[in-house]
Structures are given as structure tokens and as C-alpha cells.
Amino acid sequence: MESVSLETSKLQSRSDGEFVSSPTLLCTPLVGATVDQMLADIRRAKEIGSDVVEIRLDCLRSFNPASDLQTLIKQSPLPTLVTYRPVWEGGQYEGDETRRQNALRLAMELGADYIDVELQVAHDFINSIHGKKPDNFRVIVSSHNFHNTPSSETIGNLVASIQATGADIAKIVTTALDITDCARIFQITVHSHIPTIGIVMGERGLISHLLSPKFGGYLTYAALDTGPSISVPGQLTVKDLIDLYNFRLIRPDTKVYGLVGKPVGQSKSPLLYNTAFKSVGFNAVYVPFLVDDVQKFLHTYSSPDFFSGCSCTMPFKEAAIKYMDEVDPIAKKIGAINHIMRKPNGKLVAFNTDYVGAITAIEDGLRELNGTTTTECAAISPLAGKLVVVLGAGGAGKALAYAAAQKGARVVVSNRSLERAAALAAKVGGKAIPLSEVGEFHPEEGMVLANATSVGMKPKVDETPIPKHALKHYCMVFDAIYTPKETRLLQEAKEMGIAVVYGTEMVIRQAFEQYKNFTGGLPEPQELFRQLMGKHA
């Protein structure tokens with residue numbers, strides 16, 4: 001596995017003029033089938049904050065170059081980038097090549113700000129406009145790879161070939177097979193000698209859009225809406241880039257944090273952290289890292305210039321431990337982590353904040369049920385002496401079982417793999433039972449149930465880990481799942497008149513701990529986190 005050098009500090013000291021000092025432009029592709037639709041979309045793009053619109057001529061059902069280009073370019077309130085993509089480069093145009101290039105030349109003459117032309121024909125096209133280019137007009141020469149992301153050497157050679165055509169801006173678009181593919185594109189945009197657009201398509205390439213400003217990308221793309229307006233896989237909307245990820249605030253010195261896991265799309269963490277970072281003026285962004293191989297991810301992005309820390313979720317809470325340089329003693333005892341910080345020297349230190357988030361939420365729920373307060377019984381946990389049944393023996397289950405045992409509870413672990421349940425139970429001095437038997441397990445009344453499995457998580461919201469009738473033996477039910485907030489398990493517990501604790505409480509509380517590490521101890525945004533989780537539940 002190759003570790004990629006991403007020294008973003010070089011961007012700040014270079015002297016290439018506008019390319020370095022200007023922020024990355026936000027371009028919205030227009031894929032409407034009619035000129036009227038495109039004009040309406042241009043106006044919307046301006047309203048929501050786009051900098052440039054890409055007019056995709058090949059998407060028009062009918063196209064009259066002279067009249068349609070005049071209308072689109074002259075009536076656009078935003079700078080225009082004109083593309084007429086042929087089928088052999090992933091577009092929809094199948095006609096005569098001379099006619100296609102004539103339309104692009106006409107767009108330049110009518111005042112387009114950019115033309116995007118493919119590397120295969122770029123040399124001839126640029127020669128044909130020699131001496132005719134208006135001031136402030138730029139030619140983007142692009143190369144698209146719809147299969148993979150080539151090696152750094154191959155991509156570097158591509159950029160050199162593009163530069164040799166006389167291009168003003170290079171554009172490299174590849175396809176992500178793994179999130180580490182993005183590193184090679186970042187390396188190119190950081191070190192390229194001409195302004196460069198680097199995009200990696202697909203969900204695993206999402207960070208190439210988000211972090212373009214950090215790595216010197218000249219421009220990135222964002223859709224008007226989800227659905228048909230998305231021109232390439234993995235493209236975000238303008239609203240999400242600006243509002244959710246604070247795109248306008250990202251610079252080369254912005255710290256990067258994120259969520260390492262699979263899946264990550266359901267997480268509310270980017271909303272929580274990015275909103276909090278912006279509220280206190282902390283120069284950082286939190287992004288989703290869709291990771292297949294955690295060792296490969298950590299090795300590839302080993303530079304402190306890339307990411308400063310992350311949250312770690314399923315399925316890596318246990319697997320990632322072996323790649324840490326240091327592990328907090330509590331996390332080591334639990335055998336699972338959910339939080340990683342990178343020291344200035346590059347060393348990785350791991351923590352577990354799940355146990356704090358989950359157990360304090362359950363304790364407070366029990367105190368409310370018992371009519372007591374934290375102050376009244378600070379020395380004794382309401383879990384002391386309670387029988388706590390933990391469903392799941394993965395990372396979250398380990399944290400719950402450890403924390404419950406530390407609070408004086410008697411712990412029973414139930415898991416699909418009895419062997420894993422038994423191993424965890426032995427560590428916390430508890431008992432193990434098969435998941436198939438938990439419905440009939442009721443040695444006493446007033447137990448506490450803690451679900452740390454994924455049963456009931458979106459999209460399988462109709463599932464539950466335990467039969468409804470079995471819930472009558474519990475005084476409280478906690479579900480670590482927070483998407484949806486009201487899982488079937490919690491709905492049925494409430495119907496039985498049993499107190500419930502939502503997974504959102506665990507998320508908020510464990511996030512407080514991580515936020516303090518991320519920001520160096522800035523005050524916890526408790527009220528803000530709760531408002532956001534309530535609003536977006």
C-alpha cells in the first residue's frame with residue numbers, strides 16, 4: 001500500500017496568482033432537456049449560491065446553436081461553462097464532430113467564460129481558436145475514466161498531456177473503487193503546475209468534491225437537487241455543500257475530521273460537528289469516509305495534513321485497534337474504539353466515548369424513572385445491582401457491557417454468535433445466552449435491556465431484536481440505533497408502558513467527548529446538538 005504525500009501547506013506559499021488565492025469555484029451542471037428548463041435552472045443556481053453553471057448542450061432534446069447559445073449565454077446571470085459531451089466520453093451527443101466543435105467555438109464567440117473539450121480532440125480544437133480567444137476566456141481540457149482511478153504516475157502523465165495541448169485548466173475525472181483512490185487526485189491538484197479540477201466519481205469518491213478547496217482544486221461540481229439533476233455518481237447538492245459542509249469556509253489549512261465506517265450515509269455526525277464548528281469559528285470540516293479496508297485507509301492518509309482525527313463506527317470499532325499507536329486504557333479494556341485522534345507527529349491515539357454516552361443516558365433515564373437526581377445519589381449509580389441484558393457483542397455491545405459492569409450492574413450478553421457473547425461476558429464477569437433465547441429470558445422483573453445490534457436500523461425498520469411480549473419483564477429499554485429515532489423496539493416498549501432511552505442521547509453525549517478532543521476543549525454545544533438531533537430526527 002502506497003502512502004500519498006499531501007502537503008497542503010505548499011498551496012499557501014505558491015505564487016501562481018488567481019489559481020492559488022481564489023477559493024474553489026462551485027459549478028452546477030444543467031441537464032435540462034429544453035432551453036427554457038436550463039434558464040430556469042440557471043436562475044435557481046444563482047439563488048442557492050453557485051458560482052458557475054455548466055451548460056450541457058448534449059442534454060438538450062433539440063438544439064439550434066445560433067439561437068439557443070445566444071439565449072443561454074446572454075441571459076445567464078452567472079458565468080457559463082459550455083460542454084457538448086460526445087458519447088465516446090460519457091455524454092449524449094452522437095452527431096457530426098465538426099458540428100459539435102463549431103458549436104463550442106460559437107459559444108466562445110458569444111461570451112461563454114469556459115469551454116470544456118475532451119483531451120482526444122483538444123489539440124486540434126485549441127489550434128483552431130488560436131489568436132481568437134477573448135480575454136478572460138478559458139479552455140478546460142478534460143479526461144474521463146469510468147472504470148477506475150489510475151496510478152499517480154498515469155494521472156500525472158495525463159495532466160502533462162493536457163498541459164501540452166495549451167489548455168488553461170486541466171480536468172481529471174476518475175471512478176472510485178476505494179476511498180483511497182481520492183488521494184491520488186488530491187496529490188495531483190496540490191502539485192499540478194496549471195489550475196486543475198480533480199473529481200472522483202461514486203460514493204467512495206465523495207470527499208474529492210468536499211475537499212477540493214483544501215487540496216487546491218480549481219472547481220468542483222454540485223447538483224441543483226438530488227435525482228435527475230445529478231450529472232455524475234456521488235455528486236452532492238449545492239445546498240449540502242454550502243450549508244452542511246461549510247464549503248465556503250474550507251481552505252488549505254482547514255482541519256479534516258470524519259466518520260470512518262461502512263455504511264456512513266445515514267450518519268448525523270456531519271450535521272452536528274459542522275454546525276458546531278461554524279458556530280464557534282473553528283477552522284475544520286467533518287466528512288463521511290466510506291471505508292472498505294481500514295488499514296489501507298489509515299496508511300494512505302497517514303499525513304497530519306490530511307485528517308486530524310475521526311469517529312470510528314461499524315464495522316471497524318474492533319478491527320481498527322491493531323493499527324493504533326496508542327489506545328486509551330479504558331478503550332483497551334473494552335476492546336473497541338470509536339474515536340481516533342492524530343498527534344502532530346502523525347501517531348494515532350484511540351479512545352472509546354460510546355461507553356460514556358450510552359451509560360450516562362441510561363443512568364439519567366433510570367433516575368428520571370425513580371424520581372431521583374444526579375446530585376441526590378452521586379455516589380451510587382442507579383444501575384448498581386440491576387440486571388442489564390446487552391444485545392450484541394460488537395463494538396457498541398462491548399462498551400455497554402463494560403460500562404454497566406463498572407457501574408455495579410449484573411450483565412447478561414446475548415448475541416447471534418454465542419462464542420462472541422461468552423467472550424464478552426467473561427471479560428465483564430457476566431453471563432452469555434444465545435440471541436434466539438433472549439425472548440424467554442426473564443429470571444427477574446425490572447431488568448434493563450440495551451440493544452447494541454443493527455436490528456431495526458434503516459432501511460430494515462420493521463425488524464426488532466426481541467419479541468414484544470418479552471418486554472414486560474424490563475423497566476427500561478435502550479436502543480443504540482438512532483436512524484430511525486423511534487425504532488420498532490422502542491415503539492413496542494412504549495406501547496407496553498416501559499420507559500425508553502433513545503439512541504440519539506448516546507450519539508449526543510459521546511459526540512460531546514469527541515468534540516472536546518477535536519476542538520482542543522472548546523465548550524460543548526449541548527443545546528445545539530440536541531436541537532439539531534430533534535429537528536432532523
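The model is predicted: local features need pLDDT of at least 70, side-chain atom pairs count only at pLDDT 80 or more, and totals for chains, interfaces and linings use all residues. Residues are numbered from 1 along each chain as its sequence is written, and side-chain values use heavy atoms, with hydrogens and water left out.

**Entry: α14 and α18**

I looked up the geometry of helix α14 (residues 354-370) against α18 and found an angle of about 130°, with the axes 7 Å apart. Axes are lines fitted to C-alpha atoms, for helices over the stretch in contact, and angles run from 0 to 180 degrees between N-to-C directions. Helices are DSSP runs (H or I, at least four residues), as are strands (E, at least two), numbered from the N terminus. The crossing of α14 with α18 is right-handed, meaning that the near helix is turned clockwise from the far one by less than a right angle.

I then listed contacts (heavy atoms within 4.5 Å). On the α14 side they include Asp 354, Ala 358 and Asp 364, and on the α18 side Glu 505, Arg 509 and Glu 513. By class, I noted four nonpolar, three polar and five charged residues in this contact. Here Ala, Val, Leu, Ile, Met, Phe, Trp, Tyr, Cys and Pro count as nonpolar, Asp, Glu, Lys and Arg as charged, and the others, Gly among them, as polar.

**Entry: α11 and α18**

I next examined helix α11 (residues 269-280) with helix α18 (residues 503-519); their axes come within 11 Å and cross at roughly 45°. That angle makes α11 oblique to α18. This crossing is right-handed. Among the residues that meet, I noted Leu 272, Tyr 273 and Phe 277 in α11, and Val 507, Tyr 515 and Phe 518 in α18. The contact of α11 with α18 has nine nonpolar, two polar and no charged residues.

**Entry: annotation and whole protein**

I found that an unreviewed UniProt entry assigns residues 259-340 to "domain: Shikimate dehydrogenase substrate binding N-terminal"; such annotations may be inferred rather than shown by experiment. I read 10 Å between the end C-alpha atoms of this span, which is 30% helix and 22% strand.

For the protein I counted 19 helices and 20 strands.

Definitions and conventions
Angles under 35 degrees count as roughly parallel, over 145 as roughly antiparallel, 65 to 115 as roughly perpendicular and the rest as oblique.
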